[in-house]
Amino acid sequence: MKTRLLSFLLLCCLAFPVRAQSYQPTEENLKARQEFRDKKFGIFLHWGLYAMLATGEWTMTNNNLNYKEYAKLAGGFYPSKFDAAKWVAAIKASGAKYICFTTRHHEGFSMFDTKYSDYNIVDATPFKRDVLKELADECHKQGIGLHLYYSHIDWYREDAVWGRTGRGTGRPNPKGNWDSYYAFMNNQLTELLTNYGLIGAIWFDGVWDQDENPDFDWELDEQYALIHKLQPSCLVANNHHITPFPGEDIQIFERDLPGENTAGLSGQDVSSLPLETCQTMNGMWGYKITDQNYKSTRELIQYLVSAAVKDANLLMNIGPQPDGELPEVAVQRLAEMGEWMKTYGETIYGTRGGCVGPHPWGGTTQKGDKLYVHILNLQDKALFLPLADRKVKKARYFVDGTPVKFQKNNEGYTLLLNAVPTDVDTVIELELD
Ligand code: JFZ
């Protein structure tokens with residue numbers, strides 16, 4: 001009997017090997033998660049060959065462009081104005097604390113020097129420069145974090161298994177060769193985590209491409225373990241639009257704040273992991289020449305504040321031009337956001353979502369005994385805060401310290417403002433007991 005039980009247990013162990021189910025983040029990783037939450041604001045950069053076609057990063061599949069024809073773009077890619085120092089300086093000026101760069105998007109072109117495919121910016125273009133290396137060196141020099149986007153799908157490689165996109169690019173074999181493609185990805189991830197210094201996060205994207213084939217095994221456990229082995233503080237993120245898998249360190253939302261789903265890509269529950277929402281500054285991720293529909297600085301700041309109120313980081317995207325420059329409007333938005341952050345950064349960086357949650361008028365962020373009330377949209381001079389079980393000691397306008405009168409009742413406190421707020425964000429600082 002005993003031996004039967006033992007062999008049953010043994011069988012269980014063999015059948016269900018200890019996977020990342022038991023993922024225990026290391027101390028370094030837990031520390032990196034908190035630092036990530038403190039940063040609050042990052043800039044996403046979508047850059048690849050698609051910039052030349054200027055119709056966004058999905059143009060290859062949307063227009064069923066033949067993979068061999070598309071690859072010829074590389075021979076003409078010469079972003080003569082690329083200057084990593086200039087990019088990093090413009091981004092730093094916004095108050096952003098990290099950059100997330102597309103090392104290889106769905107088009108399959110590697111924007112870095114890789115041994116594992118010639119289809120890369122050094123070997124396949126006349127530019128011949130490792131733009132990732134230049135960017136990484138500048139990020140490290142100027143003291144800003146670097147995260148790397150890495151696509152799980154590839155519309156160019158013949159060994160990449162077909163999903164629901166990239167079917168019309170002329171590749172011969174829908175089945176691909178998973179073993180070969182998986183090894184390729186892990187080899188590239190090893191390069192990315194070995195040759196470019198400290199990497200804050202690997203930001204995966206593409207698992208959703210197999211959503212019609214739910215049994216598809218991406219073998220993520222082993223891939224995540226590889227990342228954590230190479231750089232224990234590197235956060236694993238995956239834009240799969242569902243509940244985080246074991247081994248992931250942050251949770252991503254696309255085009256919506258956590259808990260909202262206006263774009264239809266973010267119906268997943270909000271987990272207890274650090275949160276990040278990615279959003280476009282205009283309407284597209286990759287450079288799109290006809291898209292001048294930039295969000296106003298006011299909208300961008302309010303989106304950043306709304307993310308912070310929801311305890312999430314904002315990863316705001318820019319699609320660099322084919323000539324290597326950031327679009328002028330984007331640079332201007334960065335500068336204006338930075339101006340605001342110079343004054344109000346203290347109410348954003350290092351905070352957590354406050355004890356008064358999101359409301360139509362705005363919400364709160366919190367650091368220690370300071371509660372920052374962010375008023376984004378209020379047609380009133382009085383603002384009620386449901387703070388029944390807290391004691392407010394002081395209230396003042398954050399910007400100049402002018403005291404704010406308040407009244408207490410059983411349900412909470414009512415702030416009595418001097419005027420109906422019209423600023424981008426009227427911040428009232430409360431000192432709690
Ligand atoms: C993904 C990428 O496809 C996109 O190019 C960009 O990088 C963004 C940040 O992440 O966005 C998606 C993902 C899935 C769908 C659409 C866009 N989808 O399922 O249709």
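Two strands count as paired if DSSP finds at least two bridges between them, and strands (E, at least two residues) and helices (H or I, at least four) are DSSP runs numbered from the N terminus. The model shown is predicted: local features need pLDDT of at least 70, side-chain atom pairs count only at pLDDT 80 or more, and totals for chains, interfaces and linings use all residues. Residues are numbered from 1 along each chain as its sequence is written, and side-chain values use heavy atoms, with hydrogens and water left out.

**View 1. Strand β7 and its two partner strands.** In β8 (residues 312-318), Met316 is the bridge partner of Gln279. The chain passes from β7 to β8 through helix α10 (residues 297-309) in a right-handed β-α-β crossover; right-handed means that, with the strands pointing away from the viewer, the path from the first strand over the helix to the second runs clockwise. The pairing of β7 with β8 is parallel, over 6 bridges. Strand β6 (residues 251-254) also pairs with β7 in the parallel sense, over 4 bridges, and there Gln251 stands opposite Leu275.

**View 2. Burial of β7.** Of the 6 residues of β7 (residues 275-280), 6 are buried (under 20% relative accessible area, 1.4 Å probe, protein chains only). Leu275, Thr277 and Gln279 lie on one covered face, and Glu276, Cys278 and Thr280 on the other.

**View 3. The largest nonpolar core.** A nonpolar core is a set of buried Ala, Val, Leu, Ile, Met, Phe, Trp, Tyr and Cys residues joined through side-chain atoms within 4.5 Å. The largest one has 95 residues, and Ile43, Leu45, Trp47, Phe101 and Ile202 have the most contacts inside it. Helix α10 gives the largest share of this core, 8 residues. Domain 1 (24-350) and domain 2 (353-432) each supply at least three residues to this core; the domain bounds come from an automatic or database domain assignment.

**View 4. Surroundings of Leu45.** Neighbours within four places in sequence are left aside; the residues in contact with Leu45 include Trp87, Ile91, Phe101, Asn317, Ile318 and Leu326 (contact: heavy atoms within 4.5 Å).

**View 5. The sheet β12-β15-β14.** This open sheet of 3 strands has antiparallel pairing. Strands β12 (382-385) and β14 (405-408) are at the edges with a single partner strand each, so one side of each has no neighbour in the sheet. Strand β15 (residues 413-416) is joined to β14 by 4 bridges, and Leu416 in β15 is the bridge partner of Lys405.

How values were computed:
Buried < 20%, exposed > 50% of the residue type's maximum accessible area, 1.4 Å probe, protein only.
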